[in-house]
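Colleague: I have not looked at this one before. Can you walk me through a few places in it?

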Amino acid sequence: MNDTAIRILSAKLGETHLFFIGQAGYIIKSKNGQLLGFDLCLSECVERVEGHMGFKRLVPKILDPFELQFDCLVATHPHFDHFDMDAIPQLMSNHHTKLFASINCEAEVNRLMMTGENTLYIKPGDSVDCGEFHIDFVECDHGKGAPDAVGAVITVDGKKVYMAGDTCLRMDRVNDIKNLGQLDVVIGPINGAFGNMNEKEFAEYAHALGSKLTIPCHFGMFATHGGNPGRFLEIMRNEYPDDRVLLMSLGEGIII
């Protein structure tokens, strides 16, 4: 069993844990041990599909799909670094895990023959409950390549975690997110490519949201994706010195 799986399974009950799995992938473990996986990229399927070195995985695979049983999975859009075509069928094979996928993932779900009561399609404005997790799906803007992509505000154990998803800067939507309540954590992309926010844009967006903790993601996995966490940290220190920021290393877990 990988060290990451051991770390997650042994994380103390009675506390809410957040783990970084790479790219835009995170795992939340509730106080009672329930697990939610968000945009998990666990395989090398992106390089196989794209067929060039720019999408070679540059960080190790730290979790095997069969090592954990998730209560909920979220796939914000069908790009394979968010909807892992190799890993998701394995993650769902226990017939317990529920998958909440954006509506434009349906073609891929059908191709993988994963249709069934445990797969549900969601769109911005939808709210669902999965075990101890309440999920509000919100607007994001990932361009024409994923017009129905979503972000999510996940509430568990009285904590709120906002996963912005793949999106450009949309300051006009800040109040919509803030209306869902005080955010404990906000997570968003800094790669500045494929329609996503860059380091400066996410810094501006996160500050406007007023979250207790800001965590950047979507950097380091592929050469073509960009994203400089050092630059992001420098911007936050210079422009928003009172904001709390965390750069998470691969496999790292924190208590929220």
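Modeller: Start with Gln23: leaving aside neighbours within four places in sequence, Gln23 is in contact (heavy atoms within 4.5 Å) with Asp81, Cys217, His218, Phe219, Met221, Phe222 and His225. This is a predicted model, where local features need pLDDT of at least 70 and side-chain atom pairs count only at pLDDT 80 or more, while totals for chains, interfaces and linings use all residues. Residues are numbered from 1 along each chain as its sequence is written, and side-chain values use heavy atoms, with hydrogens and water left out.

Colleague: Where is Gln23 found?

Modeller: Gln23 is in the loop between strand E1 (17–22) and strand E2 (25–29). Helices (H or I, at least four residues) and strands (E, at least two) are DSSP runs, numbered from the N terminus.

Colleague: Is Gln23 buried or exposed?

Modeller: Gln23 counts as buried because its relative accessibility is 1%; buried means under 20% relative accessible area, exposed over 50%, partly exposed in between, with a 1.4 Å probe and protein chains only.

Colleague: Which side chains make a polar contact with the side chain of Gln23?

Modeller: Asp81 does, at 2.8 Å, and so does His225, at 3.0 Å. A polar contact is a pair of N or O atoms within 3.5 Å; within protein, one must be able to donate a hydrogen and the other to accept it, and residues adjacent in sequence count only if both atoms are side-chain atoms.

Colleague: Cys217 was on that contact list. What is the bridge partner of Cys217?

Modeller: Pro189 is paired with Cys217 of E12. E11 and E12 run parallel, with 4 bridges; two strands pair if DSSP finds at least two bridges between them.

Colleague: Which faces of E12 are covered?

Modeller: Both: Thr214 and Pro216 on one side, and Ile215 and Cys217 on the other, are all buried.

Colleague: Moving to helix H6, which of its residues are buried?

Modeller: In H6 (residues 199–209), they are Glu199, Phe202, Ala203, Tyr205, Ala206 and Leu209. These pack against strand E10 (159–163), helix H5 (174–178), strand E11 (185–189), strand E12 (214–217) and helix H7 (229–239).

Colleague: What caps the N-terminal end of H6?

Modeller: Asn198, with a side-chain oxygen 3.2 Å from the backbone nitrogen of Lys200. Just after H6, Gly210 has a positive phi of about 70 degrees.

Colleague: Last topic: where is Leu73?

Modeller: Leu73 is in strand E4 (residues 72–75) and is buried, with a relative accessible area of 3%. Not counting residues up to four places away in sequence, Leu73 touches several residues, including Gly37, Leu40 and Phe100.
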